[in-house]
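Subject: Structure for your review

Dear colleague,

Please find below the structure that I am handing over to you. My notes on its helices and on several individual residues follow it.

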Amino acid sequence: MNIPVLNCENIYKSYQSGRPVLRGLNLTLPAGRIIGLLGPNGCGKSTLIKLIAGLLVPDRGNITICGQPRSEATNALISYLPERPYFQSNMRVVQLLDYFSDFYADFDRSRAIAMLNDLGIAPDARMRTLSKGTKEKVQLVLVMSRRAKLYLLDEPIAGVDPAARDYILRTIISNYSPDATVVLTTHLITDIEPVLDDFVFMGHGGQILLAGNADEVREAHQKSLNELFREVFRC
C-alpha cells in the first residue's frame, strides 16, 4: 500500500475574529504528482498551506506527512515557499545559500548555483538591490534546491514577468524527485495548467468542490481547467 505524502483529516481553523476559515477539510495527496490547489481569494488556501507547513496549528483535526503526524520532525520533509519574500534586505544571495546549506541537510547547493546562473542572478547581489520578481526567483531557487518529499509553493509565479514564468515552471517540473509531491496555489491557472498532474478546487470553508486528474477531467468535460474553474466559481 502506498502511503500518501499528505493526509488532512477533518481540519478546522478559525482566527481570533472567530471567523471560521476551514470547516472539516479532508484532503489526501499521493506521491509523485504536481497538484494545483485552486480557489477564490479568501477560501483558505494559504491557511491550509501554513497548517501543513507547521506555521499554524489547527483547532481540530489531524495532518500527517508521509504517514507521520505533523510535528517538528516532519518539517525536514517539507520545503515551503511563502507568498511573500521574508529574507533580510541586507543579506547577499550567497549568504542565503550558506544559510540553507547549514540549516537543511537535503539542500543541494550546486543545483541552486546552477539555477541562479541560468537566471542571471549574481551570488554577491544584496537582496535590497533586486526587484520584487527577482527576489521571488531567488526564494524559489532555494526552495526547489532541497530534496524534500513535499513542496508547498504559495503563489510561486504571481510576482514575476511572463517571460520568467516558463523557466520557473520548468524548474518546478525538473527539480523534484518521483516520490515527492508539489502543491502550488495560484490564480494564474492558464499559466500552470500545462504542468499539473492533478488539481483541487477549494471553496470557502475548505470545501473541496472538485478534484481529480487534470487530463481526465479535461477530457470528460471538454474544457480547460481555467474554463472549468470559471464555471464552478461563477459569481
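**Helix α2 and its partners**

Helix α2 passes α3 in a right-handed crossing. The model is a predicted one. The two axes lie 10 Å apart, and the helices pack at an angle of about 155°. Angles over 145 degrees count as roughly antiparallel, and α2 and α3 are therefore roughly antiparallel to each other. On the α2 side, the residues that take part are V93, V94, L97, D98 and S101, and they meet R109, A112, I113 and L116 of α3. Sorted by class, this contact of α2 with α3 holds six nonpolar residues, one polar residue and two charged residues.

Helix α2 (residues 93-103) also packs with helix α4 (residues 132-144): their axes come within 11 Å and cross at roughly 25°. That angle makes α2 roughly parallel to α4. This crossing, in which α2 passes α4, is right-handed. Here V93, L96, L97 and F100 of α2 meet V138, L142 and V143 of α4. The residues of the contact of α2 with α4 comprise seven nonpolar, no polar and no charged.

How many of the 13 residues of α4 are buried? The number is 11, so α4 is largely enclosed by the rest of the structure. The buried residues in α4 are G133, T134, E136, K137, V138, Q139, L140, V141, L142, V143 and M144. They pack against β6, α2, α3, β7 and α5. As to its length, the 13 residues of α4 should span 18 Å at 1.5 Å a residue, and the end C-alpha atoms of α4 are 18 Å apart, which agrees.

Helix α5 (residues 162-174) has 13 residues. From its first C-alpha to its last, α5 reaches 19 Å, close to the 18 Å expected at 1.5 Å a residue. Its buried residues are A164, R165, Y167, I168, L169, T171 and I172. What do the buried residues of α5 pack against? Their partners are the helices α3 (109-119), α4 and α6 (189-192), together with the strands β7 (150-154) and β8 (181-185).

**Residues in loops**

Y86 has its place in the loop between β6 (78-81) and α2. With a relative accessible area of 44%, Y86 is partly exposed. Apart from its neighbours within four places in sequence, Y86 is in contact with F100 and Q139. F100 is one of the α2 residues that meet α4, and Q139 is among the buried residues of α4. Y86 and A31 are 55 residues apart along the chain, and their C-alpha atoms are separated by 28 Å.

C66 is not a glycine, although it has a positive phi of about 55°. The loop that holds C66 runs between β4 (60-65) and β5 (68-69). Its relative accessible area is 26%, and C66 is partly exposed.

Q222, which is not a glycine, has a positive phi of about 55°. This residue is found in the loop between α7 (214-221) and α8 (225-232). Is Q222 buried or exposed? Its relative accessibility is 65%, and exposed means over 50%, so Q222 counts as exposed.

With kind regards

Key
Residues are numbered from 1 along each chain as its sequence is written. This is a predicted model: local features need pLDDT of at least 70, side-chain atom pairs count only at pLDDT 80 or more; totals for chains, interfaces and linings use all residues. Side-chain values use heavy atoms; hydrogens and water are left out. Axes are lines fitted to C-alpha atoms, for helices over the stretch in contact, and angles run from 0 to 180 degrees between N-to-C directions. Helices (H or I, at least four residues) and strands (E, at least two) are DSSP runs, numbered from the N terminus. Angles under 35 degrees count as roughly parallel, over 145 as roughly antiparallel, 65 to 115 as roughly perpendicular and the rest as oblique. A crossing is left-handed if the near helix is turned anticlockwise from the far one by less than a right angle, and right-handed if clockwise. Contact means heavy atoms within 4.5 Å. Ala, Val, Leu, Ile, Met, Phe, Trp, Tyr, Cys and Pro count as nonpolar, Asp, Glu, Lys and Arg as charged, and the others, Gly among them, as polar. Buried means under 20% relative accessible area, exposed over 50%, partly exposed in between (1.4 Å probe, protein chains only). The expected span of a helix is 1.5 Å times one less than its number of residues.
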